[in-house]
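Thanks for making the time this morning. I would like to walk you through one model, so please bring it up alongside its sequence.

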Amino acid sequence: MGEIHLDLDGLLDTFFEEAEEHLDAFETGLLELEATPEDHEVIGRIFRAAHSIKGASGTFGLGDITSFTHALETVLDRLRAREIAYSADVARALLASVDVLRGLVRAAREGAAAPPEAVPVRALLEQFYRTAPAPKPEAVAQPAIALQVGRKVRVRFAPKPDFMCRGMDPLAILRDVADCGEVESRVVDASAVPDLGDLDPESFYLSFVLVMRTERTDAEIAEAFAFVDDLCTFAIEAETEDAPQELVEADARAAGEPVVDVAAPAKEAVAPPKDAKTPAAASTIRVATEKVDKLLDLVSEIVIAQAMIVDATRAPGPDAETRLNDALQALDRHTRELQERVMSIRMVPLASVFGRLPRMVRDLAGTIGKKVQLVVEGEGTEIDKSMVEQLADPPTHLVRNAIDHGLEFPEQRAEQGKPAEGTVRIRAFHQGGNVVIEVGDDGKGLDSKQIRAKAERLGLVSPDEVLSDEQIHELIFHAGFSTAAKVSDVSGRGVGMDVVKRNVEALKGSLSLSTEMGHGTQVRLRLPLTLAIVDGLAVRVGAQTFVVPLLSVLESFRPMPSQVRAVLGASEVIDIRGTSVPVIRLHELLDAPNAERDPSRALLCIVEANGTSLALLVDDVIGQAQFVVKSLEVNYRKVPSLMGATILGDGRVAMIIDVQSLARTDHRSRAVATSSEVMIPVSEVA
Amino acid sequence: MSKVALVVDDSMVIRKMVTMALKAISFEVLDAPDGRRALEVAKGKDLALVITDLNMPVMTGLEFIHEFRADPDHKFTPILFLTTETDEGMRNEARSAGATAWIVKPFHPDKLIAVIQKLGI
């Protein structure tokens with residue numbers, strides 16, 4: 001048979017992606033099983049997930065994953081067959097297995113070492129099938145044998161008399177067996193061949209014994225007999241390792257077996273690729289065929305519109321202008337739809353972010369002794385894929401905080417007439433081009449007095465400062481407020497709210513909070529649907545156009561000459577409703593020549609990020625629009641103060657200002673900055 | 001005209017891998033993620049080979065093999081099914097449902113090609 005080269009590496013990414021999905025399903029299933037331990041349908045689903053991972057991992061030579069899922073599958077099989085009962089111990093082992101498998105998949109993907117927990121968790125699993133009645137020997141034996149190198153086996157193969165009548169070729173089978181390793185001896189038993197007169201020419205009378213050295217497992221060798229196992233008898237036995245070959249043959253002779261040499265090809269075994277290559281984790285996306293079909297439809301519409309335009313311009317006639325206008329309108333409509341549809345391809349449901357929450361809630365609630373019901377709504381809400389990957393943390397931290405700090409202990413809740421079980425509700429929905437994620441609890445709510453006292457103690461506010469309740473609540477987002485920030489993530493406790501806020505803002509999102517003492521707290525994240533397109537305000541500085549993300553723009557106005565004043569030498573501030581806001585001269589920061597230098601003849605655009613307000617000095621505001629963000633890092637290099645570039649309608653390139661990095665810079669250097677020093681060193685941004 | 005094969009498996013990796021192997025030996029390949037969809041795809045088609053998983057959601061491989069075989073168009077189409085070494089019982093059931101042969105998972109695509117060639121499909 002001709003050699004056919006197949007490149008499996010290209011499929012690895014699909015495998016990893018699918019493995020993650022199976023693991024999510026696995027985990028969800030396990031949590032369902034907690035509620036309904038007898039549910040066969042759920043056990044079947046879990047089993048299938050493990051089974052699929054095992055099947056595919058074997059093909060790719062990911063032995064760690066295969067052998068671990070094998071152990072897992074064995075336990076699940078027992079569970080399915082009711083040979084073992086579902087118990088807290090089983091649940092713990094299975095949940096721990098999910099984590100190990102995730103680790104193993106990640107390790108395989110990144111070419112890293114297998115997680116150390118794999119061994120103890122594996123032992124935990126094995127303990128359930130060791131105690132189970134009548135374990136299938138091959139199931140238990142396989143992983144152990146797989147570790148042995150070049151063991152010796154004796155394979156017996158005795159075709160039934162009608163073997164060849166059924167269209168089977170014994171030599172083909174022998175060849176398959178021989179391919180499993182290095183054949184050391186071959187014996188043909190012809191003792192069953194009758195006298196010529198009694199011989200049925202269509203019957204088969206021989207049987208065979210091969211002694212060989214192999215790295216394959218019994219099950220793998222048995223595959224050679226896959227289609228003939230009801231047409232023959234066969235046995236695979238371990239051969240004593242040190243038995244010299246002569247002895248084996250002597251044995252055979254002693255047993256009265258006539259020896260005939262068979263010219264069986266002893267081919268080098270083709271070992272499965274054990275060191276699967278680990279390509280850089282390429283990001284892939286799965287798209288429903290219908291979506292792609294619709295794109296194709298639209299593209300053909302656009303091609304038609306384009307042809308109409310060409311036609312209208314080439315064949316002038318009385319109606320040429322009307323035709324041209326119609327075609328342009330069609331083109332406009334279809335192009336916009338195409339943009340929307342292409343964007344929608346990148347959209348994936350938030351379910352993957354929310355999917356991990358039930359497990360976390362279960363673990364955390366158990367650890368700290370609170371009763372928690374998690375309500376998840378709107379997990380089908382879609383958001384850009386690139387966002388999903390970065391969005392995992394904030395909702396997790398918020399839910400964690402809600403349980404850790406928001407909800408009371410059952411007895412406290414009982415005292416207040418609340419149900420012992422607290423509710424944490426996470427809800428996602430679309431609102432005006434944004435995705436909103438709300439995390440709410442029915443716990444104790446924020447205590448303004450306590451927060452204020454703590455903030456004063458930490459020196460964040462002075463005792464005589466007048467603050468509204470809202471302003472006080474905002475303090476919990478202040479870096480340095482949360483003491484939990486020092487506690488490591490591993491312990492299962494929350495991280496500081498300032499970290500959450502920073503993460504959300506890195507995604508160009510915002511965060512707000514409402515709370516009522518004794519009734520609970522709700523945190524609301526508002527995120528753009530995508531980072532690929534930004535709603536922005538185009539501003540002019542000198543001859544250049546810049547874009548300021550609209551999310552951070554508060555207002556723009558022309559200041560009175562008296563409003564802007566210099567402090568600390570070269571630095572300037574403007575007083576807006578009693579607050580001093582630092583002025584940043586964009587023309588200096590971004591080196592744009594011929595700009596208006598007098599603020600009272602230019603405009604100030606007030607922006608806010610990370611709780612810091614800044615006044616950007618610009619010549620003019622051009623207007624707001626959506627801008628496609630092109631990465632500077634990919635096409636050039638990372639530039640401080642800029643988050644990217646975009647191409648304007650007239651083909652010119654405009655830079656998009658990174659208000660957050662400006663706010664951070666300014667925050668750090670305000671005391672010492674001359675305005676030309678506002679730009680921060682690259683190292684600090686990176 | 002090239003021979004047409006139908007691949008049925010809920011795992012996209014397996015579907016892709018089998019498809020790749022079949023294409024390498026000049027099959028045209030159709031695929032489906034479960035038995036129900038596979039029956040829809042198979043309807044009225046002249047198939048040279050069916051490769052199906054047994055353990056699938058919606059409609060299992062066994063049910064699929066039964067129904068597929070019941071269609072006079074597909075009375076003689078060879079059916080290869082994918083199974084594991086532990087599924088002895090399933091193997092016999094699948095055979096009596098009308099399957100031709102099986103392949104034990106995990107397998108390398110080369111092995112699949114060898115089996116197809118061995119069966120002379």
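This is a predicted model: local features need pLDDT of at least 70, side-chain atom pairs count only at pLDDT 80 or more; totals for chains, interfaces and linings use all residues.

**Strand pairing in chain A**

Let me begin with strand 18 of chain A, which is joined by seven bridges to strand 19 (residues 612-618) of chain A, the two running antiparallel; strands here are DSSP runs of E with at least two residues, helices are runs of H or I with at least four, and both are numbered from the N terminus, while two strands pair if DSSP finds at least two bridges between them. Within this pairing, Leu604(A) stands opposite Leu617(A) of strand 19.

Strand 18 (residues 603-609) is also joined, by four bridges and again antiparallel, to strand 14 (residues 553-557) of chain A, and there Ser556(A) faces Cys605(A).

Residues are numbered from 1 along each chain as its sequence is written, with chains lettered from A and ligands numbered from 1 in the order in which they are written.

Taken as a whole, chain A has 23 helices and 22 strands.

Turning to the partner, 26 residues of chain B are in contact with 25 residues of chain A, contact meaning that the C-beta atoms, placed from the backbone, lie within 7 Å. Which element of chain B gives the most to the side that touches chain A? Helix 1 of chain B does, with eight residues.

Methods: Two residues are in contact if their C-beta atoms, placed from the backbone, lie within 7 Å.
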